[in-house]
Amino acid sequence: MQMQAGNLIDWSECSFVALYAGQALADEVIAWLRERGLRLIGVYNMANDRDGRAVQADFLFGR
């Protein structure tokens with residue numbers, strides 16, 4: 001991926017399950033950033049619970 005001047009990048013850690021009260025979950029963060037013109041570019045460093053369910057990951061967004 002080649003980024004040019006003026007592009008906006010956001011690296012966010014997002015959770016798929018609530019880890020604390022009032023936390024925005026991954027789908028809410030993705031929708032909020034999409035409304036602001038950023039798109040999801042990649043998902044990295046997935047963390048899973050003991051049962052193999054996804055708990056959180058790092059998300060890369062860009063414009």
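**Entry 1**

I looked up Leu-40 to begin with: its relative accessible area is 35%, so it is partly exposed. My scale for this calls a residue buried under 20% relative accessible area, exposed over 50%, and partly exposed in between, with a 1.4 Å probe and protein chains only. Leu-40 lies in strand 2, residues 39–48. I take strands (E, at least two residues) and helices (H or I, at least four) from DSSP runs, numbered from the N terminus.

Leu-40 also belongs to a nonpolar surface patch of about 610 Å², together with Phe-16, Val-17, Leu-19, Tyr-20, Val-43 and Met-46. Patch members have over 30% relative accessible area and no salt bridge; like charges are joined within 9 Å, and nonpolar side chains (Val, Leu, Ile, Met, Phe, Trp, Tyr) within 5 Å. A salt bridge here is a side-chain nitrogen of Lys or Arg within 4 Å of a carboxyl oxygen of Asp or Glu. Areas are Shrake-Rupley values with a 1.4 Å probe, and for residues only the protein chains shown count as cover.

**Entry 1: ground rules**

I keep in mind that this is a predicted model, where local features need pLDDT of at least 70 and side-chain atom pairs count only at pLDDT 80 or more, while totals for chains, interfaces and linings use all residues. Residues are numbered from 1 along each chain as its sequence is written, and side-chain values use heavy atoms, with hydrogens and water left out.

**Entry 2: the whole chain**

I found one helix and three strands, running β-α-β-β from the N terminus on. The C-alpha trace spans about 40 × 25 × 10 Å along its principal axes. Of the 63 residues, 29% are buried. The chain exposes about 4,600 Å², with 49% of that from carbon and sulfur atoms.

I checked contacts too (heavy atoms within 4.5 Å). Among those with a separation of 6 or more, 54% join residues 24 or more positions apart.

I count strands as paired if DSSP finds at least two bridges between them. Strand 1 and strand 3 (residues 54–62) are joined by seven bridges; Cys-14 partners Ala-57, and Ser-12 stands opposite Phe-59. Strand 2 and strand 3 also pair over seven bridges, with Gly-42 partnering Leu-60 and Tyr-44 partnering Asp-58.

Is strand 3 largely enclosed or open? Eight of its nine residues are buried, so strand 3 is largely enclosed by the rest of the structure.

I noted Asn-45 in strand 2, with a positive phi of about 55° although it is not a glycine. Most residues other than glycine have a negative phi. Asn-45 counts as exposed, at 56% relative accessibility.

Gly-52 takes a positive phi near 85° in the hairpin of strand 2 and strand 3, which has five residues between the strands.
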